[in-house]
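Colleague: I would like to go through the terms used for this model and hear what stands behind each of them.

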Amino acid sequence: MISVAMAKLLTNNMHALDIRDLARRGALEPSNQAFVNWSCNGQHTGAIGFKVGEDMITLSYLTMPRNGTAWQSADQPIRLVTTPCHYGGSRQWFACPGCGGRVAILYVNRLTACRKCHDLAYQVQRESLAERYTRRLAKVRKRLGWPGGFLNDRRGQPAGMYLRTYFRLQLEHERLVAQIVKYESQRIGLTHR
Ligand SMILES: [Zn+2]
């Protein structure tokens, strides 16, 4: 196993790990261990260590947990799949740890997975945000005494509520509606993210 000290920090950027590059460099020979370094405009942005096993590549990287104070090491084994080529020889693929699909490129971030899995994770994150905003909006509307559901009417200032409170809740209401519309319209494909 590659030593953790040797594995370098990954940034939050999403890095592409292309199995064709690794194959070209002869890096997929069994028991080989090496690094992939990523850079952007001449600036080093991340690195990952890997070790090749039998039908397997194990990635080693360091991550900083959210709100964490210490680096944590993580090893992730990725299955390799070999398929024959039409004109002889063979080529290798990663089996995506997310969906098991055969892919040439894995995207390395907090999660290492194919593009589809990353998109899905992104979508799920967006959906849960939209749900959270919707719940918060329901509370605001309840305080305002307005009927639930943001497509329903807005009513005026409830009796007995301070004007300042009313304005604050109204602002909060508009902000939440804007967020929900943004995420929901992305979800149903009306706008690009
Ligand atoms: Zn996948």
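What follows is a short exchange on the helices and a loop of this predicted model.

Colleague: What elements are there in the protein, and in what order do they run?

Modeller: The protein has three helices and nine strands. From the N terminus the order is β-α-β-β-β-β-β-β-β-β-α-α.

Colleague: Why is α2 called roughly antiparallel to α3?

Modeller: The axes of α2, residues 115–144, and α3, residues 163–187, cross at roughly 150°. An angle over 145 degrees counts as roughly antiparallel, so α2 is roughly antiparallel to α3. The two axes come within 9 Å, and the crossing is left-handed.

Colleague: What makes up the contact of α2 with α3, by class of residue?

Modeller: The contact has eleven nonpolar, five polar and eight charged residues.

Colleague: Which residues of α2 are buried, and what do they pack against?

Modeller: Cys117, Tyr133, Leu137, Val140, Arg141 and Leu144 are buried in α2. A residue is called buried if 20 or more other C-beta atoms lie within 10 Å of its own. The buried residues of α2 pack against α3 and against β9, residues 112–113. In the protein as a whole, buried residues make up 16% of the 193 residues.

Colleague: What follows α2?

Modeller: Glycine 145 follows α2, and its phi is positive, near 75°.

Colleague: Where does glutamine 157 lie, and how far is it from glycine 145?

Modeller: Glutamine 157 is in the loop between α2 and α3. Glutamine 157 and glycine 145 are twelve residues apart in sequence, and their C-alpha atoms are 8.7 Å apart in space.

Colleague: Why does glutamine 157 count as partly exposed?

Modeller: Glutamine 157 has 15 C-beta neighbours inside 10 Å. Buried needs 20 or more and exposed 12 or fewer; with 15, glutamine 157 therefore counts as partly exposed.

Colleague: Which residues is glutamine 157 in contact with, leaving aside neighbours within four places in sequence?

Modeller: Glutamine 157 is then in contact with Leu163 and Tyr166.

Note on methods. Residues numbered from 1 in each chain as written. Predicted model: local features only at pLDDT ≥ 70, side-chain atom pairs only at ≥ 80, totals over all residues. Helix = DSSP H or I, 4+ residues; strand = E, 2+ residues; numbered from the N terminus. Axes fitted to C-alpha atoms, helices over the stretch in contact; angles between N-to-C directions. Parallel < 35°, antiparallel > 145°, perpendicular 65-115°, else oblique. Left-handed = near helix turned anticlockwise from the far one by under 90°. Nonpolar A, V, L, I, M, F, W, Y, C, P; charged D, E, K, R; others polar. Contact = placed C-beta atoms within 7 Å.
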